[in-house]
Amino acid sequence: MLSATILGVGVRGPGLHGWSAASEVLCGRSSCDGASADLPAPENLSARERRRISPTVRLALSVAGEAVRQSALDPAGLPSVFGWPHGDGDIIQKILEELSTAERYVSPMDFHNSVHNVAVGYWTIGSKSHLPCTSITAGIDSFAAALLKALAQLWAEERPILLVVVDAPFPEPLNSVCPVGIEAAVAFVLAPTGTVGGLARLEVIWSDGVSPDLPSLPQLPLYRDLWETNGAVRAFPLLERLAHGEEGTLRLPFGRSGDLVLRTGRC
Amino acid sequence: MKPVKITAASVVSALGTGMTEMVAGLRANRSGCRPCDYEDAQLTTYIGCVDGVEGHTLPAEFAAFECRNNRLADMALNADGFDLAVAGAVERYGARRIATILGTSTSGIREGEYAFARRDPATGKLPADFRFAGTQAYHALTRFVQARLGLDGPGITVSTACSSSAKVFADAQQLMDAGICDAAVVGGADSLCLLTLYGFNSLQLLSESACRPNDVSRSGISIGEGAGFALLERDSDGPALAFLAGYGESADAHHMSAPHPEGLGAERAMREALARAGLLPGQVDYLNQHGTGTRQNDQSEDAAVARVFGSGMRCSSTKGATGHALGAAGIVEAAICIAALREGIVPGNTNLIECDPAFLCRVEPEAADAELRYALSNSFGFGGSNCSLIFGAAPC
């Protein structure tokens with residue numbers, strides 16, 4: 001079993017504008033209007049870098065910044081794991097369109113922004129963290145994969161770690177072959193169990209079989225409908241537990257027939 | 001850290017299919033790079049193309065994954081008895097106790113390029129036979145390899161540009177150490193596509209001739225392709241090819257597409273790998289450089305290596321032989337280090353004519369016989385993502 005203390009949370013998505021307001025929505029005390037909101041300007045990037053980042057990278061950086069602020073830790077002291085099902089769909093489609101023309105001109109900025117690790121790359125530049133950072137995917141299971149990787153690294157290194165998962169739709173025509181639905185991102189700062197000042201305790205087991213009797217879907221219909229398409233929505237049931245402040249067990253599908261079993265509890 | 005046994009390894013690169021062809025190429029200091037004849041790419045550059053990939057097809061049940069990238073992966077699974085070795089591990093541990101952690105920078109995006117070229121001119125729609133999930137999607141590679149090997153453990157795709165398939169070794173060690181799995185298939189694949197050829201061209205980083213890492217006249221990279229795998233086992237009693245002795249990862253936190261000018265992130269990754277392996281710099285016998293052949297990379301890496309190991313460290317870049325396999329470079333060069341330890345050779349720096357006189361490292365121009373105990377491989381990627389791996393020789 002792997003475990004951690006959650007020191008900070010960040011979330012952005014339709015109707016979810018930062019953890020403090022979103023937790024009211026996720027536990028049912030406020031209604032979900034499904035509206036999007038402007039994102040704060042990314043911190044610690046130069047004006048030139050701010051111009052270069054795409055809306056989805058900005059989304060990832062905003063939840064990362066929120067979770068780290070809540071943890072009160074120095075971002076330069078945090079390694080990071082970014083999970084992103086498909087990378088930056090706007091940039092990838094733009095390059096595919098450029099390559100289908102006779103000129104095949106790819107702009108240098110688009111090319112270096114096309115790498116899957118573009119979000120974590122800008123995060124390290126902004127946070128001045130030289131610690132290990134990575135960018136991973138497991139398609140729709142990207143949150144499960146990133147959570148497992150982050151917890152294993154936490155186990156190995158015994159120091160807090162930043163976990164971010166982000167997903168956003170492709171433009172058409174890629175949207176038709178790979179629908180994602182909404183833009184959403186979630187971040188956690190995870191620390192060794194027993195760290196003081198945490199929001200909650202989290203335990204995770206890689207399960208030997210499917211446990212269909214355990215709850216796994218988000219409660220709000222808007223998000224439940226996106227369970228099979230949006231990789232960030234996979235983190236919402238955990239957010240709901242944290243918003244309710246309840247102990248509980250969740251099933252998070254991972255792979256062809258596996259599961260992560262997540263247990264939440266008070267610190 | 002406790003050294004991790006590597007019980008099987010395979011490789012496919014411009015030097016050929018399997019470890020034996022690769023070692024023969026390294027011994028002969030042969031370059032697999034040739035003038036770019038990749039499909040209809042109109043670029044004055046050289047490429048490290050894998051022979052036989054066009055003629056290879058996946059077994060019929062994997063038709064949904066059919067693309068150049070997964071074909072390369074399949075060739076590497078067939079090579080060096082790798083798939084049989086994994087079948088043995090499945091018997092020992094069970095399919096659910098073996099993780100699959102693979103690196104790729106562009107997966108099967110070539111299929112997306114074909115699909116965009118065939119869009120419906122009236123509606124802009126992609127052709128109905130485009131299978132995004134099994135080809136272009138980043139995770140398609142790992143899903144294919146898991147299905148092909150019958151593995152049901154955690155499947156993770158790492159995509160950190162040119163360090164992707166090096167960092168997978170660190171991830172696997174952590175998952176095994178945490179008790180999530182008993183063994184892991186690591187590695188990766190990257191294949192020629194227009195995105196990387198034209199993208200690096202727009203950054204003016206393509207060499208017009210075959211790349212010459214460490215050379216005073218170096219002028220950029222030759223894009224290659226490749227695939228490879230390693231089987232890592234936590235508590236195996238069986239024989240090992242070599243050991244993963246340590247790893248180090250770092251971030252430059254400097255720039256998205258340029259390395260830190262003094263190689264600070266690279267230095268940090270190498271020092272961390274040494275610390276984790278419990279080794280002093282003098283105990284590493286050979287260093288396989290990231291050595292892309294760009295002015296900036298080779299200069300900053302040389303400075304970083306010299307600060308960690310002192311001047312005169314025995315080094316080479318093998319990218320003149322294989323081309324730069326991008327996201328697969330980590331596993332191709334891991335395979336080169338494993339082969340170097342087993343065969344007792346220091347690979348040469350293929351295509352070197354005159355080493356940059358400002359460099360402090362001892363760049364080996366030709367392959368040489370040498371008994372090696374530890375070899376270090378560097379992999380650095382866009383976004384400032386660095387990884388150093390130290391491999392140790394298996395006891396005779």
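A residue counts as buried if 20 or more other C-beta atoms lie within 10 Å of its own. By that cut-off, eight of the nine residues of helix α10 in chain A are buried. The model is predicted. In it, 52 residues of chain A are in contact with 50 residues of chain B. Strand pairing also crosses between the chains: β4(A) and β6(B) are joined by two bridges.

**Helix α10 of chain A**

- This helix spans residues 236-244 and is mostly covered.
- Its buried residues are A:Phe236, A:Pro237, A:Leu238, A:Leu239, A:Glu240, A:Arg241, A:Leu242 and A:Ala243.
- The charged residues A:Glu240 and A:Arg241 are thus on the buried list.
- A:Gly245 follows the helix, with a positive phi near 65°.

- β3(A) covers residues 80-83, and all four are buried.
- A:Ser80 and A:Phe82 point one way from the strand. A:Val81 and A:Gly83 point the other way.
- β3(A) runs parallel to β4(A), residues 133-137, and four bridges pair them.
- In β5(A), A:Val165 is the bridge partner of A:Gly83.

**Where chain A meets chain B**

- The contact involves 52 residues of chain A and 50 of chain B.
- On the chain A side, at least two residues each come from α4 (89-99), α5 (108-113), α6 (118-127), β4, α7 (142-157) and α8 (174-177).
- α7(A) gives the largest share of that side, seven residues.
- By class, the chain A side holds 26 nonpolar, 20 polar and six charged residues.
- β4(A) runs antiparallel to β6(B), residues 155-158, and two bridges join them.
- A:Thr137 stands opposite B:Thr157 of β6(B).
- β4(A) therefore pairs with β3(A) within its own chain and with β6(B) across the contact.

**A three-stranded sheet in chain B**

- Strands β3, β4 and β8 of chain B form an open sheet, in the order β3-β4-β8. The pairing is mixed.
- β3 (34-35) and β8 (223-224) are the edge strands, and each pairs on one side only.
- β4(B), residues 46-48, runs parallel to β8(B), with two bridges between them.
- B:Gly48 has B:Gly224 of β8(B) as its bridge partner.

Technical notes: Residues numbered from 1 in each chain as written. Chains lettered and ligands numbered in written order. Predicted model: local features only at pLDDT ≥ 70, side-chain atom pairs only at ≥ 80, totals over all residues. Buried ≥ 20, exposed ≤ 12 C-beta atoms within 10 Å, placed from the backbone. Contact = placed C-beta atoms within 7 Å.
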